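Have a look at it first, and then we'll go through its parts together.

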Amino acid sequence: MTDAPNPLSLAEFWMPFTANRQFKANPRLMSTAEGMYYTSVDGRRILDGTAGLWCVHAGHARDEIADAVGRQVRELDFAPTFQMGHPLPFELATRLTALTPPTLNRVFFTNSGSESVETALKMALAYHQARGESQRIRIIGRERGYHGVNFGGMTVGGIVNNRKRFGPLLPGVDHLRHTLDIPRNAFSRGVPPHGVELADDLERLCQLHDASTIAAVIIEPVAGSTGVILPPAGYLQRIREICDRHGILLIFDEVITGFGRCGAPFAAQAFGVTPDIMATAKALTNGVVPMGAVFASTAVHDAIVQGPENVIEFFHGYTYSGHPLACAAAMASLDIYARENLLTRGAELAAIFEDAAHNLRALPNVVDIRNIGLVAGIELKPRAGAPGARAYDVFNDCFHNRGLLIRVTGDIIAMSPPLIIESGEIEQIFETLAAAITAAA
Ligand SMILES: Cc1ncc(COP(=O)(O)O)c(C=O)c1O
């Protein structure tokens, strides 16, 4: 006689960024995934409108990635990269720098977006120190920014719930205003026309703190987690100019924009603005193995990597930086991205995606729609006294009744499907959403 399997207990796993008690009372559980679809534990097909969590750009369960990881476990499961090495991260770094803007040609590996952000911030501080400008200790973030959950990222981030319970955070950080301006820019297609002057906040902070105390500015070219906020036309260029004028490093957090989301390999290329440091993670391995990569310019790298040759130049790293399985998954992902032109596919589909998203404009309670590449944000009017409830109802309805995975933050719906999506699936996503938004009126 075999024992009956234990029924699944939901108590022990303390879920991240989840209303745990609400979830456990009415769970949403996936069991398998393939291509554009998940299957829920009760056997329903769920169209993946969010590429998992903005990371499965080539769709789910790609054989090549599974095979590469499986082979790698048997060949070299782990090798340290502290004072030791193995060929894979070197090979991966070379391949990645063929995709980045040419000046961003040194790569530091991490395991997540949060770690990529911390790494980028530490590089900025170490750069100025190494150049004899150790008074440059301030870092400027932006309101509503999301840069992960570690102390540096939390501090430069600008989402109040992510910050308010965790003490005074790091000293020496200030924030630009965010660029969402619904009264002036509602229903803009692509980058909004108004708001370039918000970049001048940086000039003001230079006056306030003295530019010579500022090490870096970190921004998401397109803010994702806060609900899809786009840079106004000319904004990123102006931020770059102000940084250059004052010797401040520009860090782009491309954790969600990297690897094709905006229609070019990186948002830096989509917007024609090159940062000095670029933090990436999601989609690097198609979501299969945790991994991040921070790209630095040669100038940043060379300033830090100097001094006596027997001394470690940058006292920073993770046990799993350049992990063999992550490298294998990343290289197999890059093969697929290249073969299927996924890093630029967002540009080809952008017009169809944009039209489909903006078709929701006339629905009840839709106050704004924002889009670029294969990202769309649909902002709903909150119910009186119940912020977030309307979008949460849409989310639940889509999952439980309509076979669609969406993502919501507050009353904003964010769509970011795998880049393999076909036009029929784009239609399906937005028609389903339309029905659910109407039902939540
Ligand atoms: C812009 C940005 N930076 C950093 C992060 C943190 O990444 P992770 O959750 O992998 O630590 C995220 C995650 O959504 C992000 O969107």
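What follows covers the domains, the core and the surroundings of the ligand.

Keep in mind that this is a predicted model. The protein splits into domain 1 (20-58 + 341-439) and domain 2 (66-339). Their C-alpha centres sit 26 Å apart. Where the two touch, domain 1 puts in 34 residues and domain 2 puts in 31 residues. On the domain 1 side, at least two residues each come from helix 2 (51-54), helix 14 (342-358), strand 11 (366-372), strand 12 (375-380) and strand 15 (412-415). Helix 14 gives the largest share of that side, with 9 residues.

Now for the inside. The largest nonpolar core holds 125 residues, and A124, V217, I251 and I277 have the most contacts within it. Helix 13 (residues 324-339) provides the largest share of this core, 9 residues. Both domain 1 and domain 2 give residues to the core, so it lies between them. Take V217 as an example: beyond its neighbours within four places in sequence, V217 is in contact with I140, L202, I239, C243, I248, L250 and I251.

Then there's the ligand. It has 14 residues around it, and S112, G113, S114, G148 and V255 come nearest. Helix 5 (residues 113-130) makes the largest contribution to this shell, 3 residues.

Here is how two sets of residues divide by type:

Technical notes:
Residues numbered from 1 in each chain as written. Predicted model: local features only at pLDDT ≥ 70, side-chain atom pairs only at ≥ 80, totals over all residues. Core = buried A, V, L, I, M, F, W, Y, C linked by C-beta atoms within 7 Å. Buried ≥ 20, exposed ≤ 12 C-beta atoms within 10 Å, placed from the backbone. Helix = DSSP H or I, 4+ residues; strand = E, 2+ residues; numbered from the N terminus. Domains from an automatic or database assignment. Contact = placed C-beta atoms within 7 Å. Near = placed C-beta within 6 Å.
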